[in-house]
Every structure is written in C-alpha cells, then in structure tokens.
Amino acid sequence: MEISKTTWWMIGGATVAGLSIGAFWFFNNRLIQKKKPKASNVSLGEGKTINLSATAGTRQVPNWNNPFDMNYINEVAQWLQPKSIVKMDKTTALNFAKTIKNAKGIFNDDDEAVRLIFSKRLRDKTNVSSISKAFWNHYQKDMWQYLSSFLSQNEMQKYVVQPVKQLPNYTIA
C-alpha cells in the first residue's frame, strides 16, 4: 500500500500544527512563571512554609503545639533569626532529665517531682525541648513515652500537658 501525496501533506501539516501548539504552551508557561510575584503568600499552620519576601526566602514555621520534640528549640531559633532566644544550659537540662528518669519507681512513683519540674521550674516551651533532648541523649528514650509509661492519662494532663500549655513559646534574649 502506497501513501499518496495528499496523505503525506496531511501528516506533515498535523505534525507542524502539533509542534506549534506545544511550543506555544511551553513558552507561555515560562512567561507566566516569570511574571508571578516573588513575595506574599503567608499562611500559618503546623510545619508549613511561608514566603516572607524575595530576599528573605522561605522559613519553616515551628510546630508550636509540640515542645516535646527535641528539634523544637532549633526550629524556633531558626524561625526568629537574627534574634536569639534564651536557652537552658545542658547541665540543668540533664539534671531535670535525671529527676524525671528517677521519678519512676518500682512500687511508688514520684509524681510530685514531675509536677514541680513542669509547673514551677520551666520558663518557656524551649526549656521542655532542651530537657527532651537531654533525656534522649542520655537515656536513648523518648521523654514523652517514658512519662506516659508511669503516669496515668489524668496525671499526664494535670502535671505535664496543662502546665506546658501555659508556658510561652520562647523567651527572646
């Protein structure tokens, strides 16, 4: 079967038309991308990025509701750059971590020690993150899970969650 000249012209014309449409679409999308504004979109939420300006770039919003994450303090410090925050020193954080570790007993748990740490001794949520990091580095255990292992849900709410919720997110130095 031979293809006639008319069929070849139709195939060639369809190819040229397809390539023209593809080129138009490609260059039009590139032009639209260049015209988009560089700075604006601000939407706050857990762990979402926001674009502050064309020169500042994007920053990761800290998860303000999870100070037990040991990276919380780093996220807050990065979020507030160039300002600095007050950080708990490592020996104090380690002492609090040891107190929490020793609060779990064989027959009797020291709930009062846990209550005193979270309700009286901490200045802000970055302190909770510092203690959580010290607990992990020293014992290789997650502090939240460890507390949950010997405190009931009611005690966790009363001695840990509520006092931490009342703390400010950070303290600027």
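User: Leaving aside neighbours within four places in sequence, which residues is tyrosine 139 in contact with?
Analyst: Tyrosine 139 is in contact with Ala97, Lys98 and Lys101. Bear in mind that this is a predicted model.

User: How far is tyrosine 139 from alanine 97, in sequence and in space?
Analyst: They sit 42 residues apart in sequence, and their C-alpha atoms are 9.0 Å apart.

User: And where is tyrosine 139 found? Why is it called partly exposed?
Analyst: Tyrosine 139 is in helix H5. It counts as partly exposed because its relative accessible area is 21%, and buried would need under 20%.

User: Is asparagine 127 buried or exposed?
Analyst: Asparagine 127 is buried, with a relative accessible area of 5%. It is in helix H5 as well. Beyond four places in sequence, asparagine 127 touches Met88 and Leu122.

User: Let's zoom out. What's the secondary structure of the chain?
Analyst: Seven helices and two strands. Along the sequence the pattern reads α-β-β-α-α-α-α-α-α.

User: How much of the chain counts as buried?
Analyst: 27% of its 173 residues. The accessible surface is about 12,000 Å², with 55% of that belonging to carbon and sulfur atoms. As for contacts with a separation of 6 or more, 59% are between residues 24 or more positions apart.

User: Which residues have the most contacts inside the largest nonpolar core?
Analyst: Ile100, Phe118, Ile131, Met143, Leu147 and Val160, in a core of 25 residues. Helices H3 (90-102), H4, H5, H6 and H7 each give two or more residues to this core. Another core lies apart from it, with seven residues, including Tyr72, Val76, Leu80 and Ile85.

User: Back to valine 160. What does it touch, not counting residues up to four places away in sequence?
Analyst: Valine 160 touches Phe68, Val114, Phe118, Trp144, Leu147, Leu151 and Glu155. It is also one of the buried residues of H7, together with Met156, Tyr159, Val161, Pro163 and Val164.

User: Which helices do the buried residues of H7 pack against?
Analyst: They pack against H4 (111-121), H5 (125-139) and H6 (143-150).

User: How far apart are the end C-alpha atoms of H7?
Analyst: Only 16 Å, for 13 residues (153-165). A straight helix would reach 18 Å at 1.5 Å a residue, and H7 falls short of that.

User: Changing topic: how many salt bridges does a search of the whole structure find?
Analyst: One. Arginine 115 pairs with glutamate 112, and the closest N and O atoms are 2.4 Å apart. Both residues lie in helix H4, three residues apart, about one turn of the helix. An α-helix has 3.6 residues a turn, so residues at that kind of spacing, three or four places apart, point the same way.

User: And how exposed are arginine 115 and glutamate 112?
Analyst: Both are partly exposed: arginine 115 is at 25% relative accessibility, and glutamate 112 has a relative accessible area of 40%.

User: What about aspartate 111, buried or exposed?
Analyst: Aspartate 111 is buried, yet has no salt bridge. The nearest side chain of opposite charge is lysine 158, at 8.8 Å.

User: Where does aspartate 111 lie, and what does it touch?
Analyst: Aspartate 111 lies in helix H4. Not counting residues up to four places away in sequence, aspartate 111 touches Leu151, Glu155 and Tyr159.

Note on methods. Residues are numbered from 1 along each chain as its sequence is written. This is a predicted model: local features need pLDDT of at least 70, side-chain atom pairs count only at pLDDT 80 or more; totals for chains, interfaces and linings use all residues. Side-chain values use heavy atoms; hydrogens and water are left out. Helices (H or I, at least four residues) and strands (E, at least two) are DSSP runs, numbered from the N terminus. The expected span of a helix is 1.5 Å times one less than its number of residues. Buried means under 20% relative accessible area, exposed over 50%, partly exposed in between (1.4 Å probe, protein chains only). Contact means heavy atoms within 4.5 Å. A nonpolar core is a set of buried Ala, Val, Leu, Ile, Met, Phe, Trp, Tyr and Cys residues joined through side-chain atoms within 4.5 Å. Lys and Arg count as positive and Asp and Glu as negative; His and the chain ends are not counted. A salt bridge is a side-chain nitrogen of Lys or Arg within 4 Å of a carboxyl oxygen of Asp or Glu. Accessible areas come from the Shrake-Rupley method with a 1.4 Å probe; for residues, only the protein chains shown count as cover.
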